[in-house]
Structures are given as C-alpha cells and as structure tokens.
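Please look through the sequence and the structure shown here, and then read the short briefing that follows, which is grouped by topic.

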Amino acid sequence: MAIRIITDACCDLPYSFVQQHGISIVPLRFSVDEAEQTYALEPDFNFGEYYGKMRNGSVTKTSQIAYDDIEKEFKDAIEAGDEAIYIAFSSALSYTYNVGKLAQKNLLADYPEAKLYVVDSLAACSGQGLIVDMAVRMKENGASAEEIVKWLEENVLRAIHWFTVDDLDFLRRGGRVSAAVAIIGGMLHLKPCMHVNNEGKLIKRGVVRGRKKAIQTLIDKTLRDMDKSQKQTVYVSHGDCYDEIAPFIKQLEENEGVSEVIVGNIGPVIGAHSGPGTVAVFVMGDMREKDED
C-alpha cells in the first residue's frame, strides 16, 4: 500500500519538486477583475503579469476550496489502494482544512477501511510547503502513514514564518490593518514584520522604517530562530521582486547552518491578499515566537 501526499496550491512549492516527488495538488480559485481562474502550481503561470495587474489597480479575490476537488483526490487514492495524507492550508486563515475533514468524514462512512488523514499545517505559503517537504522526506525514508501524521501533528509549530509586505494597502483590503494605519505607514515608509503564530494566524510582530531594513530583519530573525542541531533548508517566497531580494538570499546561502535555499513565487491566492513585493522566509526551528514576547 503506497502513501499519497496531498496538499493544496497555497503550499507554493516549486513545480519541479511536486513532479519529482509525486505530490498531488488540490487547485484553488482566485479572480482578477471578476474573471475567475484556478491555480495548481502550473509551471507556465505568469507571475509578472499577475502582480503587474495588481500594481495597476486590478481587484483580486479568492474563493473557498471546492469540496469536489478534495473528494476526488481522496477517491483516487482509495481506488488505487493507497493511504492518503492531506496537508492543508492553516485552518486559521482558510476553510480548506475544514473542507478536507468533511470529505474525510463522508468518504470514511462509505469506505470504512480506507486510510485517509487530514493534517492542519497551521502554516501558509512555503511554510506549508516546508511541512509537505518534511512529510515527503519521511515517506521516502520508509516511514508509515501513521508515523508521518504523528510527526507532523507534533512538529508543525516548528515551521517558522517571517513576512513583510511592500504596500500596506493590500493588507487594508483584507482587513489586516486599518485605513489610517495603511495611509500613515505609506507616508512614513513603515514596513511590518509579521509571523504566523501557534494558532496559525498572521500576526504583526513589529514595524521598521524602510524596505531594505524590513527584509534584513526577516533574514536576521530566520537565522536566529532556525534549528541549529543540523543544517537546514530555507524557503524564500516573493511577490515578483526577485532582483530586490537576491542579495539577501545570498546571505542565507553563505550561512554555515543552511544547506539549501529554495526560492519561489508567492502564488496568486496568498498574493491576492499580501500584494506585490511581499517577501517571506521559512525554516524549521525549535518553536514559533510567542505573540507576547
């Protein structure tokens, strides 16, 4: 009986990685100026065009994951005689996990012998992708589905997230900051430093003045927080601003505690809310920073 790793398009993993390791991707829906599209990590997706439209004022929205898409992945696994582990986008940011649990419940009623697992990543973007990466490594090293799920449930909170955005107005549209904060922040060139907390929510952890200082803060916090017991893979995601962050990526690559840096685009679902110029860094650490610290 094979193990099938399933996740959704919010994981922002490189398409080549998904193909190489046989990961199943549940598509997500978004719209640009009311024109609905689906996204499943397609390698030909034009990120420059997408973020260019956002910069020029296009309105982007996202839709809830389709129940039928998750059910189909589970059914395919059942019919193939596989065990399935679905690693979902944070339940604090989306209904994706809840829809996955509903599909699991309904299918187990019809197929009580099936092995279907749903894991709340409590993560976003490539933080979710990092957790999927860990699951894939365990699978390929011979771990059972039960062992993988147990490890994930005990370790998802070790996936450290650090974000910053270039334009606070996109966070205002999503209700993350007030209109006054967005206007004043823009005037003073204030950039937020955010993380994902133990509940899987995106939380502001500070504000710095200036774009370069904000990105450097992300790098510094990532290197501070990463697990130093062994070399780590660091994921970096960006909203169409690679040239700007290239020097910071080099800092990570040259750090002796880093084995590999994987750079990718923030997909259109997360990007619809964070906007162009968003930068995010992810690594496995000991534990996420507490909100009150």
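Helix H3 (residues 67-80) lies across E1, E2, E6 and E7 and runs at about 175° to E1, where helices (H or I, at least four residues) and strands (E, at least two) are DSSP runs numbered from the N terminus, and angles run from 0 to 180 degrees between N-to-C directions of axes, which are lines fitted to C-alpha atoms, for helices over the stretch in contact. Helix H4 (residues 96-110) packs on the sheet as well, touching E1, E6 and E7, and its direction makes about 165° with that of E7; contact means heavy atoms within 4.5 Å.

This is a predicted model, in which local features need pLDDT of at least 70 and side-chain atom pairs count only at pLDDT 80 or more, while totals for chains, interfaces and linings use all residues. Residues are numbered from 1 along each chain as its sequence is written, and side-chain values use heavy atoms, with hydrogens and water left out.

**The open sheet**
- An open sheet of 4 strands has the order E2-E1-E6-E7 with parallel pairing, where two strands pair if DSSP finds at least two bridges between them.
- Strand E2 (24-26) and strand E7 (116-120) stand at the edges with a single partner strand each, so one side of each is left without a neighbour in the sheet.
- Strand E1 (residues 3-8) and strand E6 (residues 83-88) pair in the parallel sense over 5 bridges, and Ile3 stands opposite Glu83 in E6.

**Strand E8**
- In strand E8 (residues 159-164), 6 of its 6 residues are buried, meaning under 20% relative accessible area (1.4 Å probe, protein chains only), with exposed being over 50% and partly exposed in between.
- E8 pairs with strand E13 (residues 279-284) in the antiparallel sense over 6 bridges, and the bridge partner of Phe163 in E13 is Ala280.
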